[in-house]
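The sequence and structure come next.

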Amino acid sequence: MTSLDELAIRQRLKDDYEHYAKKCLKIRTKEGAVAPFILNTAQRYLHSRIEEQKAKTGRVRALILKGRQQGCSTYVEGRFYWKVTHRKGVRAFILTHEQEATNNIFEMAQRYHEHCPLPVKPQTKHDNAKELVFNLLDSGYKVGTAGTKGTGRSQTIQYFHGSEVAFWPHAETHAAGVMQAVPDLPDTEIIKESTANGMGNYFHVQWQKAEAGQSEYIAIFIPWFWQEEYRKTVPDNFKATIDERDYAGLYGLDDGQIVWMRSKIAEFKGDMSLFHQEYPATSAIAFQTSTENSFISAEMVMAARKEAAVTPYGARVGGLDPARFGDDRTAFIIRQGRRVEGLRVWEKKDTMEVAGLAAKLIKEEGLQKLFIDVGGLGAGVVDRLREMGLGEKIVAVNGGEKPIDDQRYYNKRAEMWGEMKDWLYDRPCSIPDDDTLHADLTNIQYKYDSNTRLQMEKKEDMKKRGLRSPDIGDALALTFAFPVMEAVDRMPVNTGWIV
């Protein structure tokens, strides 16, 4: 082998993590054997998302939501070992939720180092229970446990991995400490991953922001059924239940995966909500618990997300929910018959900007009507659109006003959400395959008043539970404010209709 050949080999090992992992890293399999680290389906997807962000921004800021034992920590620890053994003067720090996890992760790093081929294995200054230091490179790899508030905050770190962040006892303190030790520079990486642990905690709040595009982090969700080993041999007498068949149809599962799922639910003593938390199929399902009184089910939404062959018909209408304040988003969406499309979201737009966007969309999208929430910013948007001569195209909607069916619904907002739920239930219907919309539709709770009228949870109460405002869900609900006919001569004798 010539020196040029050797240089090319070394360069590829330095530049290509997936290739380096297969050639240089060893892992302990679930069967207990030591084997080359070949990325599985979930890890390859994770790698592609991270590398895509790095190519665009020069750095990595990622949140990962996943199920149990899907190899995310294995991927990140291998990635950071690769980084610190090929670069000078850099540090990786891994923070876990408990001491046992800290020990397991550092054992993983030590195994990487122990089995690393000599030509690319760096010399260590010392190797103890929590740290690897590569003296010639002046680089290092260290782990810590989140039980101590000040862990890692005095260091300078280029690569940070937060493991099982939803279970950190001092999550906000660590966010203000150790993660601030990562400079805002190219080739720095912060990767935070976790299974879900309910709503309203630090990880859930950060996930909502990333999912909605309101932070520098990308939201990466990994469903349980990507894991090749999450399946069992199908018994000869196996027969799936109706619920199991529906679930399998939504996510494209085979009988082997259903048998595995059934056995896992049995381990949880039949607690389906615990299975959804530990082995989620969608991000919205992951955060929901058995105590959640969700108005619209995740299964209903997923069915609409997966339905593509729905032909639009009838009036083409839009819903616009202008942002009120703070972190709320201005959301726009289009519905035509049984099909929803055209989802758009904007942040930090004032009245004139939103009105301008709305006017443009009315014309470009050929909308017959645009329903606008007039709470807060919306009233000014409606006034401006009327000044622009678009009064016939817009309908102002006040969620607190009297509904058409005041025997069934508490107010207009409840009526819109109730009609939307009925629409989703009456399959087939199609909505954008979007996690943010999914979360907005499934997070909201409901109750009935003393007259058994449906009443939806207020946005303010959702925020008290640690949830963002369901702006996109409200935008879609607005399209159900009033029926719209395509032509005046088709209008029935019903004061609720708009033409």
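## Salt bridges

Lys54 and Asp187 form a salt bridge, with their closest N and O atoms 3.8 Å apart; the term stands for a side-chain nitrogen of Lys or Arg within 4 Å of a carboxyl oxygen of Asp or Glu. This pair links distant parts of the chain, since Lys54 lies in helix α3 and Asp187 in the loop between α6 (171-176) and β9 (189-194), 133 residues apart. Lys54 is partly exposed at a relative accessible area of 22%, and Asp187 is also partly exposed, at 24%. Here buried means under 20% relative accessible area, exposed over 50%, and partly exposed in between, with a 1.4 Å probe and protein chains only.

The model is predicted: local features need pLDDT of at least 70, side-chain atom pairs count only at pLDDT 80 or more, and totals for chains, interfaces and linings use all residues. Residues are numbered from 1 along each chain as its sequence is written, and side-chain values use heavy atoms, leaving out hydrogens and water.

A search of the whole structure finds 43 salt bridges. Side chains of opposite charge can pair when their charged atoms come close. Another such pair is Glu51 with Arg79, at 2.8 Å from N to O. Glu51 is partly exposed, with a relative accessible area of 30%, whereas Arg79 is buried at 0%. Helices (H or I, at least four residues) and strands (E, at least two) are DSSP runs, numbered from the N terminus.

The side chains of Glu341 and Arg339 also meet in a salt bridge, at 3.5 Å from N to O. Glu341 has a relative accessible area of 25% and is partly exposed; Arg339 is partly exposed as well, at 23%. Elsewhere, salt bridges with shared partners join Glu211, Asp321, Arg329, Arg413, Asp440, Lys459, Arg468, Asp471 and Asp474 into one network.

| Acidic residue | Basic residue | N to O distance |
| Asp187 | Lys54 | 3.8 Å |
| Glu51 | Arg79 | 2.8 Å |
| Glu341 | Arg339 | 3.5 Å |

## The chain as a whole

The protein has 499 residues, of which 54% count as buried. Its secondary structure comes to 18 helices and 17 strands, and the C-alpha trace spans about 85 × 60 × 50 Å along its principal axes. Among the contacts (heavy atoms within 4.5 Å) with a separation of 6 or more, 69% are between residues 24 or more positions apart.

The accessible surface comes to about 22500 Å², with 49% of it belonging to carbon and sulfur atoms; the area is from the Shrake-Rupley method with a 1.4 Å probe. The protein carries 69 positive and 70 negative charges, whose mean positions are 3 Å apart. In this count Lys and Arg are positive and Asp and Glu negative, while His and the chain ends are not counted. Each charge is placed at NZ of Lys, CZ of Arg, CG of Asp or CD of Glu.

Helix α18 (residues 471-478) is mostly covered, with eight of its eight residues buried.

Gln69 has a phi near 55°, a positive value in a residue other than glycine. Gln69 sits in the loop between β3 (60-66) and α4 and is exposed at 57% relative accessibility. Lys269 likewise has a positive phi, near 55°. Its place is the loop between α9 (255-267) and α10 (272-278), and Lys269 is exposed, with a relative accessible area of 81%.

The peptide bond from Arg427 to Pro428 is cis, with omega near 0°. Pro428 lies in the loop between α15 and α16.

Ser430 is found in the loop between α15 (412-425) and α16 (435-443). Is Ser430 buried or exposed? Ser430 is buried, at a relative accessible area of 5%. Leaving aside neighbours within four places in sequence, Ser430 is in contact with Ala304, Glu307, Ala308, Val310, Arg338, Arg339, Val340 and Trp423. A polar atom of the Ser430 side chain lies 2.7 Å from the backbone oxygen of Glu307.

Definitions and conventions: A polar contact is a pair of N or O atoms within 3.5 Å; within protein, one must be able to donate a hydrogen and the other to accept it, and residues adjacent in sequence count only if both atoms are side-chain atoms.
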